Amino acid sequence: MAASIRLGRRAVFIAFRAIKPNNLTVQNRLIFQNERQWTAGWTGSGFRHLFQSPSVCGLAPLKVQMPALSPTMEEGNLVKWLKKEGDEVAVGDALCEIETDKAVVVMESSDDGILAKILVQEGSRGVRLGTLIALMVSEGEDWKQVEIPALEPVTPTTAPPPATDHAPPLATTPSAPKQLRLSPAARHILDTHGLDPHLAKATGPRGLITKEDAVKLLNQSDERRPAPPAAAVAPPAPVTVSPPIAPSTCRPSFPPLSVPGKPGMPGTFTDIPASNVRRVIAQRLTQSKSTIPHAYASVDCDLGPVMKLRKQLATEDIKVSVNDFIIKAAAVSLREMPEVNVMWSGDGPQALDYIHISIAVATPRGLITPIIKDAANKGLQEIAATAKALAQKARDGKLLPEEYQGGSFCISNLGMFGISEFSAVINPPQACILAVGGTRTELRLAPQDPDGPVLHTQQLMTVTLSSDGRLVDDELASRFLEKFRTNLEHPQRASLP
């Protein structure tokens with residue numbers, strides 16, 4: 001065994017001596033200079049340098065895959081790369097921005113190295129979890145020599161069909177045209193003009209026939225149909241012209257197209273691509289209204305004491321909003337009534353030992369609910385600062401997953417939009433959501449006055465509690481609203497900064 005190893009090593013050295021040094025690269029010249037060091041042992045540094053050289057084998061890359069940045073995320077959109085090929089990357093550096101089903105999240109690097117190859121470009125949509133999006137190499141290696149691995153998802157899909165060649169009955173591939181996938185707009189166009197959908201060339205994802213494909217097929221059918229003009233020129237043969245004219249009688253006098261910048265024709269529409277956030281909002285709202293028995297209860301609150309206290313705090317240069325008082329009053333009410341601070345899990349009711357208030361924030365991408373954690377133990381000034389920072393991050397799409405996941409109670413305020421009152425949809429698995437309307441001034445009789453009934457003005461606000469009937473029944477919801485109104489109308493009871 002030892003003799004064979006020595007003979008093999010000697011053959012390698014003889015082969016290297018036969019190579020002219022002028023034809024070698026810089027790295028292999030270093031190998032010749034260190035030839036004496038190799039003879040010291042089989043594991044010499046020069047020998048390792050040879051077989052780790054890119055001229056002998058490619059660099060083994062560090063794979064960067066599409067991560068799961070939220071519990072409900074199944075795919076993401078790659079918004080922007082923050083590094084370019086050849087840039088050095090350290091652990092914790094921002095690599096790219098990914099739009100999840102909640103927000104746009106910055107993906108950080110978990111390795112040190114150099115970004116060698118970007119495989120998924122900016123603007124790519126519907127990138128599945130685990131998809132290879134980039135390659136990195138270790139520090140000190142030539143990133144241009146990186147090995148690009150073969151695409152793994154392609155081989156499993158092409159392998160099964162050849163295995164079925166031995167079975168003649170399974171070769172009935174004509175069943176594939178039966179599984180056509182058409183968009184609503186394409187189906188409407190094809191049905192209206194009596195076109196065969198099998199003639200359309202699908203360009204959409206997963207073989208979907210889009211509206212553009214249907215319009216292209218319609219234009220091609222028009223070009224192939226010169227019969228109507230010929231029929232107008234040749235009146236002696238009206239019988240032969242009638243079959244081609246029959247399909248055209250059901251065709252409208254206007255093309256079913258919506259041209260950008262021009263008013264739409266009657267019966268036309270434009271497809272609007274839905275973002276991941278919009279799709280998830282639609283799924284969760286549908287799930288909430290179809291699986292949660294919503295119960296509603298409303299109460300009017302007097303905001304006079306809150307407005308008075310706001311003016312006092314403003315003189316001390318402490319700026320808080322009415323919404324901050326609402327958040328604080330709701331958190332204190334949940335602490336005093338823990339039976340409302342619950343959520344519905346797969347096994348039934350689950351009591352929560354934390355009070356995290358979710359606040360609904362409208363963004364261009366859709367509605368998102370950042371969380372003010374441990375709101376019952378925070379002061380008004382801290383709640384105001386936290387709410388302002390979270391709302392700005394939500395509008396910029398910079399919220400982290402831990403900043404919008406795990407709330408126990410939700411508040412939605414539309415008072416600033418002039419809405420007097422409304423009912424909100426519960427955000428599962430939470431049990432309640434409080435819908436806050438705008439303030440209004442009303443004249444009311446004083447409760448007790450020695451001079452008799454006296455009219456005075458009140459600033460009232462209507463709040464509506466949507467509760468899960470499986471967890472919070474009508475009686476419990478009524479008691480919670482009474483507790484909330486008491487805490488809001490006596491803000492001194494809440495701990496202030």
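# Sheet, salt bridges and surface of a predicted chain

Asp-374 counts as partly exposed, at 35% relative accessibility; the classes used here are buried (under 20% relative accessible area), exposed (over 50%) and partly exposed in between, computed with a 1.4 Å probe and protein chains only. This residue has its place in the loop between β17 and α14, where helices (H or I, at least four residues) and strands (E, at least two) are DSSP runs numbered from the N terminus. Although Asp-374 is not a glycine, its phi is positive, at about 50°.

The model is predicted, so local features require pLDDT of at least 70 and side-chain atom pairs count only at pLDDT 80 or more, whereas totals for chains, interfaces and linings use all residues. Residues are numbered from 1 along each chain as its sequence is written, and side-chain values use heavy atoms, with hydrogens and water left out.

## Overall chain

The protein chain contains 15 helices and 20 strands. Of its 497 residues, 36% are buried. Its accessible surface comes to about 29,100 Å², and carbon and sulfur atoms account for 57% of that area, as given by the Shrake-Rupley method with a 1.4 Å probe, where for residues only the protein chains shown count as cover. Among contacts (heavy atoms within 4.5 Å) with a separation of 6 or more, 63% are between residues 24 or more positions apart.

Two strands are taken as paired if DSSP finds at least two bridges between them.

Strand β18 runs parallel to β14 (residues 357–359), to which three bridges join it; Ser-358 stands opposite Cys-410 in this pairing. Four bridges connect β18 to β19, again in parallel, and Leu-434 in β19 is the bridge partner of Ile-411. The pairing of β19 with β20 (residues 455–468) is antiparallel and comprises 12 bridges, with Ser-466 of β20 as the bridge partner of Ile-433.

## Salt bridges

With a salt bridge defined as a side-chain nitrogen of Lys or Arg within 4 Å of a carboxyl oxygen of Asp or Glu, the count is 14. Arg-128 and Glu-75 form one of them, at 3.4 Å from N to O. Arg-128 belongs to strand β7 (residues 127–128) and Glu-75 to strand β2 (residues 75–81), so the pair ties together parts that are 53 residues apart in sequence.

In a further salt bridge, the closest N and O atoms of Glu-403 and Lys-393 are 2.9 Å apart. Glu-403 lies in the loop between α14 (380–396) and β18, and Lys-393 in helix α14, so this pair ties together parts that are 10 residues apart in sequence.

Arg-444 and Glu-442 also form a salt bridge, their closest N and O atoms being 3.5 Å apart.

| Residue | Relative accessible area | Class |
|---|---|---|
| Arg-128 | 41% | partly exposed |
| Glu-403 | 18% | buried |
| Lys-393 | 27% | partly exposed |
| Arg-444 | 33% | partly exposed |
| Glu-442 | 26% | partly exposed |

## Loops and surface

The loop between β18 (409–413) and β19 (432–445) holds Ile-419, which counts as partly exposed at 32% relative accessibility. Together with Met-416 and Phe-417, Ile-419 forms a nonpolar surface patch with about 330 Å² of accessible area. Patches are made of residues with over 30% relative accessible area and no salt bridge, like charges being joined within 9 Å and nonpolar side chains (Val, Leu, Ile, Met, Phe, Trp, Tyr) within 5 Å. Pro-429 is also placed in the loop between β18 and β19, and the peptide bond from Pro-428 to Pro-429 is cis, with omega near 10°.

Asp-317, in the loop between α12 (304–315) and α13 (322–336), has a positive phi of about 60° although it is not a glycine. At 61% relative accessibility, Asp-317 counts as exposed.
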